[in-house]
Amino acid sequence: KSVDSFLKNLKRNSMCFRIKKSLSNSEIEQKNLTSFRRSIYAKRNIKKGEKFTEKNIICLRPFLTNSSMNYYELINKKSKKNYSNGEII
């Protein structure tokens, strides 16, 4: 029983991390991709030289410059400038 529940959880979690490369029907109908995509924003004030962590950055809409697909690449890297709360990174 525990193996079955483990496999179900594993399958459900792996589906959450899949990267979708094709457009959804709603994206095609709206013809406005920036409103559906996400960018990386500062969750709180970040000082120059401070490391990016899961506690100080967040992925929000709309997509402007830095794609949320780069979220995990940005973790543990140092900030090159100061960011205020809600500012795009």
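Colleagues, a word first on conventions. The model is predicted, so to speak of a local feature we need pLDDT of at least 70, side-chain atom pairs count only at pLDDT 80 or more, and totals for chains, interfaces and linings use all residues. Residues are numbered from 1 along each chain as its sequence is written, and side-chain values use heavy atoms, with hydrogens and water left out.

I begin with the strands. Helices (H or I, at least four residues) and strands (E, at least two) are DSSP runs, numbered from the N terminus. Strands β1 and β2 pair in the antiparallel sense over four bridges; pairing requires that DSSP finds at least two bridges between two strands. Tyrosine 41 has isoleucine 58 in β2 as its bridge partner. By buried I mean under 20% relative accessible area; exposed is over 50%, and partly exposed lies in between (1.4 Å probe, protein chains only).

The largest nonpolar core has 10 residues: Ile40, Ala42, Ile46, Phe52, Ile57, Tyr71, Leu74, Ile75, Tyr83 and Ile89. Such a core is a set of buried Ala, Val, Leu, Ile, Met, Phe, Trp, Tyr and Cys residues joined through side-chain atoms within 4.5 Å. Both β1 and α3 supply at least two residues each to this core. Isoleucine 46, located in the loop between β1 and β2, is buried at 1% relative accessibility. Setting aside residues up to four places away in sequence, isoleucine 46 touches Phe52, Asn56, Ile57, Ser79, Lys81, Asn82, Tyr83 and Ile89, where contact means heavy atoms within 4.5 Å.

Next, the aromatic rings. Rings of Phe, Tyr and Trp (its six-membered ring) pair if their centres lie within 6.5 Å; planes under 30 degrees apart count as stacked, over 60 as edge-to-face and the rest as tilted. The count by this rule is two aromatic pairs. Phenylalanine 52 and tyrosine 83 form a tilted pair, at 6.1 Å centre to centre with 50° between the planes. This pair links distant parts of the chain, 31 residues apart: phenylalanine 52 lies in the loop between β1 (39-42) and β2 (57-60), tyrosine 83 in the segment after α3 (71-74). Tyrosine 71 and tyrosine 72 form an edge-to-face pair, because their ring centres are 5.1 Å apart and their planes stand at 90°. Tyrosine 71 is buried at 12%, whereas tyrosine 72 is exposed at 57%.

Which residues does the side chain of asparagine 56 reach through its polar contacts? The side chain reaches the backbone oxygen of lysine 51 at 3.1 Å and the backbone nitrogen of threonine 53 at 2.7 Å. A polar contact is a pair of N or O atoms within 3.5 Å; within protein, one must be able to donate a hydrogen and the other to accept it, and residues adjacent in sequence count only if both atoms are side-chain atoms. Asparagine 56 itself is buried, with a relative accessible area of 0%.

Finally, the whole structure holds two salt bridges, each defined as a side-chain nitrogen of Lys or Arg within 4 Å of a carboxyl oxygen of Asp or Glu. Arginine 44 meets glutamate 50 at 2.8 Å, N to O, and glutamate 87 meets lysine 81 at 3.7 Å, N to O.
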